[in-house]
Amino acid sequence: MGSRGKTLREALFTRFTLIAVVPVFAVFALSFHFTKRQILLDVETKNGMLSKAVAGQVNVFLREPMSLLAHYRKATERDLGGTTPLRMDGVLDEHVSDTDLFEAIYLLDKTGRVISVGLRNPSKEFHEEQRGIDLSGNEFLMEAMRTGKPTWSDSYLSLSGGKPSLTACVPMRSGAIAGNFNIDLLQEFTKGTGKEGVGRGVTIAVIDSSGTVLSHTDRSFTGRSVNFRNIPPVLDGLAGRESTREYVLNGEKHIGSVTPISGPRWIVLVSQPLSLATAAARYLLMILAGGAVLCIGTAVWFAGIQAKKISGPFSALSDQMGKVAGGTYDIPAVKSPYVEVQRLAESFRETASAVRDREIRLSENIERYQLLLDNANDAIFVFHVDDGGMPGRFVEVNDVACRTLGYARQEFFRLEVADITAEKDRPGIPLRLEKAREGGGYLVEVSALARDGREIPFEVHAHMFELDGKLSVLSVARNVTERKEAEKALRESEFRYRQLTESTYAIPWEYDVAADRFTYMGPQAEKILGYPPAAWTDLAFWASVIHPEDRDRSIEICRSRTAAGENHEFQYRMHGASGEIHWIHDVVTVLREGERTKLVGIMTDITALKRAEMEKLELEERLRQSLKVEAIGRLAGGIAHDFNNLLQVITGFASLILQELPRHAALRAKVVQIEEAATRATELVGRLLTYSRKDRAEKRVFNLSRELENAVKLLEFTIFKMIEIRTRIPRDLPWIDGDPVQIGQVVLNLCTNARDAMPEGGTLTIDAEEVSSAPGDALRPDGCLPGRYVRIRVTDTGVGMDDATREKIFDPFFTTKDIGKGTGLGLSIVYGIVRNHGGWVTCESSPAKGSVFGIYLPVAENDADARAREEIEAKAEETRGAASPRTDGRILLADDEPAVRNLAASILTQYGYSVVAVCSGEEALETYELGNGSYDLVILDLGMPGMGGVKCLEAIRKRDPGARVIVVSGFIPDDQAETIRKDGALIVRKPFSVAQFVEKVRNALA
């Protein structure tokens, strides 16, 4: 027999008791709570007021020494200027003696060192020991001087008296004044305060920021550092907050109030044991408890009587319903004074009669239901759904389900849906049940597991309904094994056919020769060529789309080989529907069926293969041309690099000779010609380095008129005398943003070509003017913007060119000159430079009528600002030239070229510098180390053998990060230039002029 539940009588008794007891208990609890709370509020208020009062006294106590120090500061600052440290000690001794507050007073400078000290018991030896002591390690002293505000130290025990002490610091204009004073007087503020008028057991304590007790009602606690830092109100006070909180100390609850003290970050704590504070509340609790017990006893007695009276009739009805469960449906009347109970008994009798009738009908329905299940053609399953939405065990299955899956009916009743579901379909069971719950049913294909492990596909129709008061599912499952096998076979057949006809990028076709029509054309024809299969009607269409150059040959091959019955293959070009050209490789098989002949073939698009072959040939040609350019570049770069050193010696010594010659000497003009020729050679070397890709183009805003004039001067030395040079170059041309060396190279290349076009002489004209290019200008190519341009024209009266030659003149390596007389790179370089500057090149020419080349360069946006800046810089240069450079520096010079080294040493010596010259980086490093920092400047050549300039620079920087260094070279790669600049060194490019060199040295020593 199962355990008995709670009876109605017991329930009523419990509820009546609770109804009576809860109000009594609530009144008792609320009364005690509010009384205790009021008592605690009174205690908190008194403790808080006492804490604030003591804090106020402590603040007054702390203000006195700070006020005295502020007073002493004024007097000290007034006398400090004309007073010796010894005399100042006496002044501070008097300040200490004036009051019993301070033990010592210190006067500090800005660095935290003691200047003077005043003592209560002064002695000369102690004064001398104290002066000069470094107190910069005391953060509160340095903070006062840094912020300009008074500060306090943490409390400490005095070395002399062993009493708690404190140091106050007041900042001064030239340092600070600090005083040590005894804080043992704090004991006066806590002694005996809590004994009368405050409350029993009240203690007062003053605590510093480290948790040390400075003063306490019980003097034995003074100086201790117990676990006060773990007390919540103490932590609040140290955080700068006033608070009153309960806490546990030594196993006993306390209530404490805390008030922070400004300045040295102290707090005042007033606390009291909670047991003493709530004694009155406990006495009240005893009185209330007695009254509550009396009320509860009375309520329990009354609840027992009422519960017995109400629950009696219900017990009788319960006994009658037990008989109905056993099959007895006649229920006698139950007597009760309550109308509700009588109505309930009558309802029980009617329910018993209805249950009896329903049981009879249910038995009949079960028989019909079982007959339908067993005669169905599909498998039927019925199972319950638990409260979590998961399927439970089967409650019914039909014979078809048992036969199909191989289970006996009784075995099914021990299984669940997941047990007969294939593993891949099990995760979807909850989702399907949720769908059935929302819509009433679902249709799904799943695989079931038979008893022997086979997976059988089913198409399942499920419907959710209620059975025996539980949510249940009826599933009708149809075996679809035969249908699945048929679908699989069909898919495999379709796949093989599709793979055969469409997986390759080729066009299968079939042609009936007698009927002259294509009987089949693969769908790839439209994908590859753009013509749908329906467009391939006869041989005429095929011939119409073949390239005209291949058409006759292809038709002839096809007809002759077909007539001979030979299989054949050939290649031809074919026009696609969108106009592109396709290369086709056609493989044809000739089939004879009696009198009829058919052709079966596959057309393969080999355009990509053909294109790859052509690209390969083109790349091979480009590689050969690139190797030629690279070889030329290496040769030109090597020659230019060595030539720079020769030019440096020529230009340098020419400049030195000019400085030594009198202004009107006859030899001066010849030396000037040497210097100018070397300068032109320097420009040529720069162009050669730019062409050979050994030097980067340096773009800037420059005066185009001046550069064109310089180019014309250089032409006068290279153009035959039989050629007349005419120029029309305005001096006020707009300025250009670009590389002046490259633009000069463009003009020289064009003029050289013009010279070669006039072997018998003629006229060479160079003119320039500003033009505008408006939007829509047909002359301006793509990539060039409309706006202001400068047009430079080079016109010759030479042999001219025809149209075919003119179309190829800008191609690399194209030349009309004899072998060995031209590289074919001049005009291609012109074209590349101009396009990189945002401009374009034009050419007008015809045979025997000469040529006109037009160069269009965009005007710099800030050309006016550049003109003004040049004037300012020119005036500044004149001013710098007039100034005397520094002549007292000691310079270490390293260069492996003797001529360049001697030149640089001569220039520096002439300008008054002391020079030590060496020939390698290793020798320069050794000499610098022996000099032990005596060199004001180091000048290094970049390309020295062994340790080059960069490595030597890095080694010097490691030993002396502040060393001043100049690196000199005719060519500096980008990565090395970046390294040099990061190391803080200056760069001078060879060849340099004397003025440039001296100016760099002067800037480095500035």
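Which strands does H28 lie across, and at about what angle to E31 does H28 run? In this predicted model, H28 lies across strand E29 (890-894), E31, E32 and E33, and its direction is at about 135° to E31.

**Overview. The chain contains 28 helices and 33 strands.** Of the 1006 residues in the chain, 40% are buried. Contacts between residues at least 6 apart in sequence include 58% that join residues at least 24 apart.

**View 1. Five strands form an open sheet with parallel pairing.** The strand order is E30-E29-E31-E32-E33. Strand E30 (914-918) and strand E33 (986-989) are the edge strands, each pairing on one side only. From one strand to the next, the twist averages 20°. Within the sheet, strand E31 (residues 937-941) is paired with strand E32 (residues 965-969) in the parallel sense, over four bridges. Val938 has Val965 in E32 as its bridge partner. Helix H26 (residues 949-959) packs on this sheet, where it touches E31 and E32. The direction of H26 makes about 155° with that of E31. H28 also lies across E31 and E32, together with E29 and E33.

**View 2. Helix H24 (residues 898-910) packs against helix H28 (residues 994-1005).** Two packed helices are described by the angle between their axes and the distance between the axes. For H24 and H28, the angle is about 65° and the axes are 11 Å apart. H24 is therefore roughly perpendicular to H28, as angles of 65 to 115 degrees are classed that way. The crossing of H24 past H28 is right-handed. On the H24 side the contact is made by Ala904, Ile907 and Leu908, which meet Val994, Phe997, Val998 and Val1001 in H28. By class, the residues of this contact are seven nonpolar, no polar and no charged.

**View 3. A second open sheet has five strands with antiparallel pairing.** Its order is E18-E17-E21-E20-E19. Strand E18 (517-521) and strand E19 (568-575) stand at the edges; each has a single partner strand, so one side of each is without a neighbour in the sheet. The twist here averages 30° from one strand to the next. Strand E20 (residues 581-593) pairs with strand E21 (residues 596-605) in the antiparallel sense over 10 bridges. Glu593 is placed opposite Arg596 in E21. Helix H16 (residues 548-563) lies across E19, E20 and E21 and runs at about 150° to E19.

**View 4. Leu750 is a buried residue of helix H20 (residues 740-756).** Is Leu750 buried or exposed, and what is its relative accessible area? The relative accessible area of Leu750 is 2%, so this residue is buried, the cut-off for buried being under 20%. Leaving aside residues up to four places away in sequence, Leu750 touches Val794, Leu827, Val830, Phe853 and Ile855. One of these contacts, Val794, is 44 residues from Leu750 in sequence, and the C-alpha to C-alpha distance between the two is 6.8 Å.

Note on methods: Residues numbered from 1 in each chain as written. Predicted model: local features only at pLDDT ≥ 70, side-chain atom pairs only at ≥ 80, totals over all residues. Heavy atoms only, no water. Helix = DSSP H or I, 4+ residues; strand = E, 2+ residues; numbered from the N terminus. Buried < 20%, exposed > 50% of the residue type's maximum accessible area, 1.4 Å probe, protein only. Contact = heavy atoms within 4.5 Å. Pairing = 2+ DSSP bridges. Axes fitted to C-alpha atoms, helices over the stretch in contact; angles between N-to-C directions. Parallel < 35°, antiparallel > 145°, perpendicular 65-115°, else oblique. Left-handed = near helix turned anticlockwise from the far one by under 90°. Nonpolar A, V, L, I, M, F, W, Y, C, P; charged D, E, K, R; others polar.
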